Amino acid sequence: MAGSWHMDDTCLSATTGSKPVGDRDPSPLRQRSRVGAVWPGPPLLFLGLWGWGPSGLRARAALTTRGAAGGRGERPPSPAPRMTGAGEPRREEPPPQPSAGLRSRESGARSAGGWERAERGRGAAARPATGPPPRRIGPLYGMWLVTFLLLLDSLHKACPEDVGTSLYFVNDSLQQVTFSSSVGVVVPCPAAGSPSAALRWYLATGDDIYDVPHIRHVHANGTLQLYPFSPSAFNSFIHDNDYFCTAENAAGKIRSPNIRVKAVFREPYTVRVEDQRSMRGNVAVFKCLIPSSVQEYVSVVSWEKDTVSIIPENRFFITYHGGLYISDVQKEDALSTYRCITKHKYSGETRQSNGARLSVTDPAESIPTILDGFHSQEVWAGHTVELPCTASGYPIPAIRWLKDGRPLPADSRWTKRITGLTISDLRTEDSGTYICEVTNTFGSAEATGILMVIDPLHVTLTPKKLKTGIGSTVILSCALTGSPEFSIRWYRNTELVLPDEAISIRGLSNETLLITSAQKSHSGAYQCFATRKAQTAQDFAIIALEDGTPRIVSSFSEKVVNPGEQFSLMCAAKGAPPPTVTWALDDEPIVRDGSHRTNQYTMSDGTTISHMNVTGPQIRDGGVYRCTARNLVGSAEYQARINVRGPPSIRAMRNITAVAGRDTLINCRVIGYPYYSIKWYKDALLLPDNHRQVVFENGTLKLTDVQKGMDEGEYLCSVLIQPQLSISQSVHVAVKVPPLIQPFEFPPASIGQLLYIPCVVSSGDMPIRITWRKDGQVIISGSGVTIESKEFMSSLQISSVSLKHNGNYTCIASNAAATVSRERQLIVRVPPRFVVQPNNQDGIYGKAGVLNCSVDGYPPPKVMWKHAKGSGNPQQYHPVPLTGRIQILPNSSLLIRHVLEEDIGYYLCQASNGVGTDISKSMFLTVKIPAMITSHPNTTIAIKGHAKELNCTARGERPIIIRWEKGDTVIDPDRVMRYAIATKDNGDEVVSTLKLKPADRGDSVFFSCHAINSYGEDRGLIQLTVQEPPDPPELEIREVKARSMNLRWTQRFDGNSIITGFDIEYKNKSG
């Protein structure tokens, strides 16, 4: 059937078909779409539009779509039920043949660019061969039914625009990974996609990462693995750098926030506790002093009192920060020794501090002194924070807390303890300046700090998915919640977005991305990154841009109405941006007045709905109504005839200008109804009279492939309104001939050659204007380029061809009919030559190296690198495998990101471009080995008073210097005679021995050997423990009775060995 409807997976669309009327379904009132939903769709709409109404017409319509280039999509016409001229109903039987010309006469394919004509009978429309009899619908009711159904239909067609592929993050909060060098780490890619996305890792600089054997590897599933490594293999680019991972599929490409990957070494450190003083009844505070170099990784796990772990209770408290508080200090607290135990977060190593003592004095009147205070800090919302504050003094000071100068509000989340103020479930309103006031009768003191509660950044980018047309305006909004003082960056497919003519970034915080006249290249995944200090949050959106050429998705049908019988026509169109709809009658724009009113609105899905309402129509309001939808991309149109009953006549017809070689449609502008037939004549000959002419039954004449000599002239439209009475109008068709450019080619050109290219127009109406362009820019004579133009020819002359003349040249010819062009490419061929030749050079093991080689020529030469292993004469070169570790740079040099010993040998840089002979140059790469410690003991034991030797083995380029350090101090045997250093070169390795003569208690520290040469430095750590007899304990006689006594002793230095028992000896005083 004509004007049929199709529901595909995207949207509902109107088309024309060719199914005969008699083959229609008997009850086309409900139809099931492809997705399975039952919907009262277009067939119900057809009942109102194509229905058997009072006009007696079962009509058809046509649809024409024009793209940006003005092309016309065509659908073949379909046969229609016939009607007699007087409008009376008649039986369903083949009608008698009218006089010649009533039916379509054609000498070729039946096609009218989508235009169709309803055949006419004598009244009501012919009924299908099957199905129930039609109902008659009143004109006013019918009009509103049609309008309602059109609106209902447009709602059914508001299909969602969904993007078939997706990207997502598994864990976009991962922003830091710290690991022990002795353990290694595995980092899964935080990004993923569906269907499966390609996962890749990069450094924050944007460089691809590459596999380094036994050090770094990216698995097929996108997991990054860093293997355990020795200090000598440390490389800051690998083990202490920012990485990010990307996921890419058809939807686009997204990147994770930067992830700081940092390796932590086994560092020599000690923890200390200092002796403290306190008055009886006051508070004592012990702090575990951890070196700043490891404070980030080392935490206090427990405290000991006389080798027994302290359980926080009664008078003993351990703070969140690892401090030990003793409240209500008593004299016996001075008899114990206090130690802190720490643990390294990544290596798992524990340390025990020295033993500290507490000196307890009797209370003495004094002003308060702050023992432990707090400093300004930032804490995440929802966490718990402790603000330590305690003081000594006598009388015992009272403590009062203030926030922003006012007493603390009542809140169950705030707890005052002996250790200070604890705030749980932090909120942003808890931010402020906190003051801890301590006061007694002799004075006061205070601790002050600023607490900043930070809300985690959260980013929401809208819309999340957008499918729109080329030429649309796209607006992306990045909404942020969380603490202020953030910065915003935009990315598209992981590349930083920079403003240009189409893209602008707006808003106080750059939170809005605006794309005007969006093109296909703007499609992809857009990400909004918000950063505040070390915190980053992001969200992304998928933008898909497609051809936004308008298309008519719903329309009106042809009909017959009586004078004064109002009617409404509707056109619905989609496109991107949403199109604007205009109306015309018989090719004349419709002027809005009291009888002709239009309204237009856009649905939420972007569909533009336009109505043409005609009240009190007269005969002159009949004719071909056309709705045209236009936007920046192109246009589409639909037209159908509305007949108003009355005496037929023909409107004055306007002359037509056609373009030779193209198709032209001529419409007979007949009004009034009924009439018998429409015929066309040229030079008194009934048309069609050749294969290029088609006359359609709706009165349209189509001329295909218009020819100036044959088709130019007067055409007569004759309408038979009574058996012996006709009316006619003539129209003049003028044919303009566009220019025709003869083919031309650029011959192969070399530098310095003369070049002459003519552009000749072999046909076309004069005057003809000819211009030249190169790569889209107008060419003006000068700088060795000359353009000479005559009446129908223009020549391009280049006096001395050079590389700058490479490009696409276009000859453009224009006249009143059209503008045509012909484009050809000029390639100036230049053989390859070296700009920078390779030379022998050194590479350093573990570092990056560049083998320089730069060539030019045209076409740009292809460079291949080859390698011959070994230091002898090269026997056979093999292509260098290009992996992540080895790449060819844009300037043709070879980049080795991580030089290995296997890279030593000859390298050949070879270039070719098909012009002349290939060129090549070889060079030799020597790999220099930086000093590396290959062997040393991690821990060892010495006996005090005995000699001890520490050995350290190194390899690398000679000379190698090995330096010994004790802690942070360089050992100089000339100054400290107790140490001696001996070094021996064994050929492959250098062995250095540090001799301790003898070992002392002070040698229980970390020693380090440093190997140094011209290419690098390495260090080995040795923990030496010097064992000796323990120090005697401190003995205290607590109580003496006649037959017994109470003794108490405190363990002192254990000699770096576990004490297994104590012996108690006594002797008589008299002895």
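This report walks through disulfides, ring contacts, backbone features and a surface patch in a predicted model.

## Disulfides

Searching the whole structure turns up nine disulfides. Three of them are described here, one after another.

Take C389 and C436. Their sulfur atoms are 1.9 Å apart, and the two residues form a disulfide. The link of C389 and C436 is left-handed, with -75 degrees about the S-S bond. The pair links distant parts of the chain, 47 residues apart: C389 is in the loop between strand 28 (385-388) and strand 29 (390-394), and C436 is in strand 34. C389 has a relative accessible area of 2%, so this residue is buried. C436 is buried too, with a relative accessible area of 0%.

## Two further disulfides

C668 is joined to C717 by a disulfide, with an S to S distance of 1.7 Å. This disulfide is left-handed because the torsion about the S-S bond of C668 and C717 is about -75 degrees. C668 lies in the loop between strand 56 (664-667) and strand 57 (670-673), while C717 lies in strand 62 (residues 713-722), so the pair ties together parts that are 49 residues apart in sequence. C668 counts as buried, at 0% relative accessibility. C717 counts as buried as well, at 0% relative accessibility.

C853 and C909 form a disulfide with sulfur atoms 2.0 Å apart. The torsion about their S-S bond is about -70 degrees, so the disulfide of C853 and C909 is left-handed. This pair also links distant parts of the chain, 56 residues apart. C853 is in the loop between strand 75 (849-851) and strand 76 (854-858), and C909 is in strand 81 (residues 905-912). Both C853 and C909 are buried.

## Aromatic pairs

How many aromatic pairs does a search of the whole structure find? The search finds 18. One of them is stacked: F374 and W401, at 5.7 Å centre to centre and 25 degrees between the planes. F374 lies in the loop between strand 26 (366-372) and strand 27 (377-380), and W401 lies in strand 30 (residues 398-403), so the pair ties together parts that are 27 residues apart in sequence. F374 counts as buried, at 5% relative accessibility. W401 is buried, with a relative accessible area of 4%.

F567 and Y625 form an edge-to-face pair. Their centres are 6.0 Å apart, with 85 degrees between the planes. The pair links distant parts of the chain: F567 is in strand 47 (residues 567-574) and Y625 is in strand 52 (residues 623-630), 58 residues apart. At 2% relative accessibility, F567 counts as buried. Y625 has a relative accessible area of 0% and is buried. Elsewhere, F744, F746, W772 and Y809 are linked into a cluster by ring pairs.

## Charges over rings

Which ring does the charged end of R255 sit over? R255 has its charged end over the ring of F529, 5.6 Å from the ring centre. R351 has its charged end over the ring of Y269, 4.5 Å from the ring centre.

## Backbone features

Most peptide bonds are trans, and most residues other than glycine have a negative phi. Now for some exceptions. The peptide bond from M766 to P767 is cis, with omega near 0 degrees. P767 sits in the loop between strand 66 (755-763) and strand 67 (769-774). The bond from K997 to P998 is cis, with omega near -10 degrees. P998 is in the loop between strand 89 (990-996) and strand 90 (1006-1013).

D425 is not a glycine, yet has a positive phi of about 45 degrees. D425 is found in the loop between strand 33 (420-423) and strand 34 (432-440). At 40% relative accessibility, D425 counts as partly exposed. K533 is not a glycine either, and has a positive phi of about 55 degrees. The loop between strand 43 (524-532) and strand 44 (535-546) holds K533. K533 is exposed, with a relative accessible area of 62%.

## A nonpolar patch

Which residues form a nonpolar patch on the surface? They are L1035, W1049, F1062 and I1064. Together these residues have about 420 Å² of accessible area. W1049 is in strand 93 (residues 1045-1050). W1049 has 35% relative accessibility, so this residue counts as partly exposed.

Terms used:
Residues are numbered from 1 along each chain as its sequence is written. This is a predicted model: local features need pLDDT of at least 70, side-chain atom pairs count only at pLDDT 80 or more; totals for chains, interfaces and linings use all residues. Side-chain values use heavy atoms; hydrogens and water are left out. Patches are made of residues with over 30% relative accessible area and no salt bridge: like charges are joined within 9 Å, nonpolar side chains (Val, Leu, Ile, Met, Phe, Trp, Tyr) within 5 Å. Accessible areas come from the Shrake-Rupley method with a 1.4 Å probe; for residues, only the protein chains shown count as cover. A salt bridge is a side-chain nitrogen of Lys or Arg within 4 Å of a carboxyl oxygen of Asp or Glu. Helices (H or I, at least four residues) and strands (E, at least two) are DSSP runs, numbered from the N terminus. Buried means under 20% relative accessible area, exposed over 50%, partly exposed in between (1.4 Å probe, protein chains only). Rings of Phe, Tyr and Trp (its six-membered ring) pair if their centres lie within 6.5 Å; planes under 30 degrees apart count as stacked, over 60 as edge-to-face and the rest as tilted. A charge sits over a ring if NZ of Lys or CZ of Arg is within 6 Å of the ring centre and within 35 degrees of the ring normal. A disulfide is a pair of cysteine sulfur atoms within 2.5 Å.
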